[in-house]
Amino acid sequence: MCLGIPGKIVETFQRDQLPMAKVEFGGIIKDICLAYTPEAQPGQYVLVHVGFAINQIDEAEAEEVFRYIEEIEAMGAPGGPEASEAAERGGGGETG
Amino acid sequence: MKYLDEYRNADAARSLVRAIAARVTRPWNIMEVCGGQTHAIVRFALDEILPDEIRLIHGPGCPVCVTPLETIDRAIALAARPEVILCSFGDMLRVPGSGKDLFTVKSEGGDVRVVYSPIDAVTLARKHPDRQVVFFAIGFETTAPANAMAAVQAARLGLENFSMLVAHVLVPPAIRAVLDVPDCRVQGFLAAGHVCTVMGAAEYRPLAERYRVPIVITGFEPLDILRGVLMCVEQLESGRHEVANAYPRAVRPEGNPAAQRQVAEVFEPTGRKWRGIGEIPASGWRLGPAYARFDAERRFDLGHITAEEPDACRAGDVLQGRLRPCECPSFGVECTPEQPLGALMVSAEGACAAYYRYRRK
Ligand code: SF4
């Protein structure tokens with residue numbers, strides 16, 4: 001229900017006094033309301049929920065998790081071989 | 001798709017799991033609040049690749065699941081009226097009311113339409129001036145700005161045949177309700193990312209402070225969830241309880257102020273009953289004075305509707321993390337997506353539906 005899908009703004013327009021945009025999601029284009037992201041420009045990515053852009057994707061912050069992973073990988077497997085083993089084990093969680 | 005696929009990378013996920021395993025020294029119970037996160041966790045078997053010490057508890061964050069039976073019954077009563085077109089998000093159609101569901105009303109000739117966006121309901125009202133269009137406005141804070149805009153547009157266009165059956169619910173009071181249960185085992189939270197996209201982080205600080213629990217704002221893809229778990233574990237292991245953001249590409253600390261302003265203009269706080277949980281004070285929104293004329297419950301006399309939940313459904317326990325879906329005696333037996341006893345088995349974000357679809361045990 002709170003699903004939000006990132007899409008790329010192709011062009012902006014007005015409809016019934018609302019700022020709108022054609023937004024592309026992996027090849028599919030939909031009309032999306034930009035009332036809550038009035039600054040968003042063509043080429044930028046917005047997070048879309050029930051036909052509304054609820055925010056712009058922060059492109060710099062989008063890399064944060066990958067930078068973090070690079071850092072920890074560069075430091076070597078944290079916690080040494082034991083930890084990696086625990087991670088590889090898989091299926092260990094309580095699954096009822 | 002950009003900003004989606006790369007967050008499902010298996011090698012990167014393994015790195016994060018290793019980092020979590022390296023930090024964890026003892027068992028921790030972490031609740032993911034949002035049903036969308038529950039689905040990703042079960043679908044990608046994230047709970048199975050995490051170290052045994054981490055137990056993920058599924059939370060109440062599915063608006064379809066917590067909409068009370070009486071409200072579903074009201075929607076059904078509205079949909080059965082000949083002058084009404086009832087518009088709803090698709091998820092609601094199969095949710096059982098006390099007698100039937102909206103899908104059945106539709107098959108019996110009721111005019112029930114699935115809309116993608118609340119604005120589509122406004123458009124329908126414009127197209128059918130001779131009919132009464134009622135939009136079933138459910139959702140958490142994520143959906144409220146869109147639903148608020150439907151009321152604003154209806155007012156701008158001077159529509160007299162549009163109204164809303166509002167059942168909005170809010171996340172922070174639900175977190176409080178979970179924590180206030182005396183035997184609560186939850187030690188940390190993954191907060192619902194898209195709710196925070198709209199509302200920001202501020203509401204969660206007093207909760208983290210008062211209950212001494214870390215609250216980590218978390219997204220919905222595997223890497224987002226594992227990053228959230230890692231940040232939560234780091235706090236738990238070092239005895240901290242702060243609000244942190246593991247989803248910064250979508251969540252700014254202040255949220256989306258334009259959306260918040262619109263919501264505040266249209267809605268006002270109200271107590272709400274949560275299906276399976278009960279009444280939670282100030283846990284929802286209803287139309288405020290400026291838009292009350294669009295309230296379907298005022299426009300139509302629906303009489304007094306009370307409803308009893310079926311005893312066999314343990315939704316309340318599942319929603320509060322006391323029971324795993326597969327531990328419900330009805331799971332997969334009397335209760336399946338084709339013959340659901342509760343909303344959790346039909347909603348796209350219901351925990352029971354996730355277990356049934358991806359795990360079946
Ligand atoms: S499995 Fe069915 S009956 Fe059991 S809690 Fe879930 S929805 Fe209710």
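**Chat about a two-chain model**

Student: Hi! Starting with Asp16(A), what relative accessible area does Asp16(A) have?

Tutor: Asp16(A) has a relative accessible area of 34%, which means that Asp16(A) counts as partly exposed. Keep in mind that this is a predicted model.

Student: Noted. Which residue does Asp16(A) form a salt bridge with?

Tutor: The partner is Arg126(B), and the closest N and O atoms of the two are 2.8 Å apart. This pair crosses between chains: Asp16(A) sits in the loop between β1 and β2 of chain A, and Arg126(B) belongs to helix α7 of chain B.

Student: And what is the relative accessible area of Arg126(B)?

Tutor: Arg126(B) comes out at 41%, so Arg126(B) is partly exposed.

Student: How many salt bridges does the rule find across the interface of chain A and chain B?

Tutor: Three salt bridges turn up across that interface. Another residue pair to look at is Arg227(B) with Glu64(A), a salt bridge whose closest N and O atoms are 2.8 Å apart. There are also 16 residue pairs in polar contact between chain A and chain B, with both residues at pLDDT 80 or more.

Student: What about the area buried between chain A and chain B?

Tutor: That area is about 5000 Å², and carbon and sulfur atoms give 62% of it. In residues, 54 from chain A are in contact with 62 from chain B.

Student: Which residues are linked with Lys22(A) and Asp31(A) in a network of salt bridges?

Tutor: Arg15(A) is linked with Lys22(A) and Asp31(A) in that network.

Student: New topic: helix α13 of chain B. Which residues are buried there?

Tutor: In α13(B), residues 257-266, the buried ones are Ala259(B), Gln262(B), Val263(B) and Val266(B). Seen down the axis of α13(B), they fall within an arc of 100°, so the buried residues line one face of the helix. On the other side, Arg261(B) and Ala264(B) are exposed.

Student: What covers the buried residues of α13(B)?

Tutor: The cover includes helices α8 (144-156) and α10 (193-199), along with strands β10 (267-274) and β11 (278-287), from chain B.

Student: And what happens at the start of α13(B)?

Tutor: There, a side-chain oxygen of Asn256(B) comes to within 3.1 Å of the backbone nitrogen of Ala258(B).

Student: Next one, Arg131(B). Where does Arg131(B) lie?

Tutor: Arg131(B) is in the loop between α7 (118-127) and β5 (132-139) of chain B. Its side chain reaches the backbone oxygen of Val84(B) at 3.3 Å. Leaving aside residues up to four places away in sequence, Arg131(B) touches Pro82(B), Glu83(B), Val84(B), Ile85(B), Asp111(B) and Asn161(B).

Student: Last one: Val105(B), buried or exposed?

Tutor: Val105(B) has a relative accessible area of 4%, so Val105(B) is buried. Val105(B) is in helix α6 of chain B, residues 102-107. Again not counting residues up to four places away in sequence, Val105(B) touches Ile76(B), Ala79(B), Ala80(B), Lys100(B) and Gly110(B).

Student: How far apart in space are Val105(B) and Leu165(B)?

Tutor: They are 17 Å apart, C-alpha to C-alpha, with a separation of 60 residues in sequence.

Note on methods. Residues are numbered from 1 along each chain as its sequence is written. Chains are lettered from A and ligands numbered from 1 in the order in which they are written. This is a predicted model: local features need pLDDT of at least 70, side-chain atom pairs count only at pLDDT 80 or more; totals for chains, interfaces and linings use all residues. Side-chain values use heavy atoms; hydrogens and water are left out. Buried means under 20% relative accessible area, exposed over 50%, partly exposed in between (1.4 Å probe, protein chains only). Helices (H or I, at least four residues) and strands (E, at least two) are DSSP runs, numbered from the N terminus. The arc is that of the directions from the helix axis to the C-beta atoms. Contact means heavy atoms within 4.5 Å. A polar contact is a pair of N or O atoms within 3.5 Å; within protein, one must be able to donate a hydrogen and the other to accept it, and residues adjacent in sequence count only if both atoms are side-chain atoms. Buried area is the accessible area (1.4 Å probe) that two parts lose on being put together, summed over both. A salt bridge is a side-chain nitrogen of Lys or Arg within 4 Å of a carboxyl oxygen of Asp or Glu.
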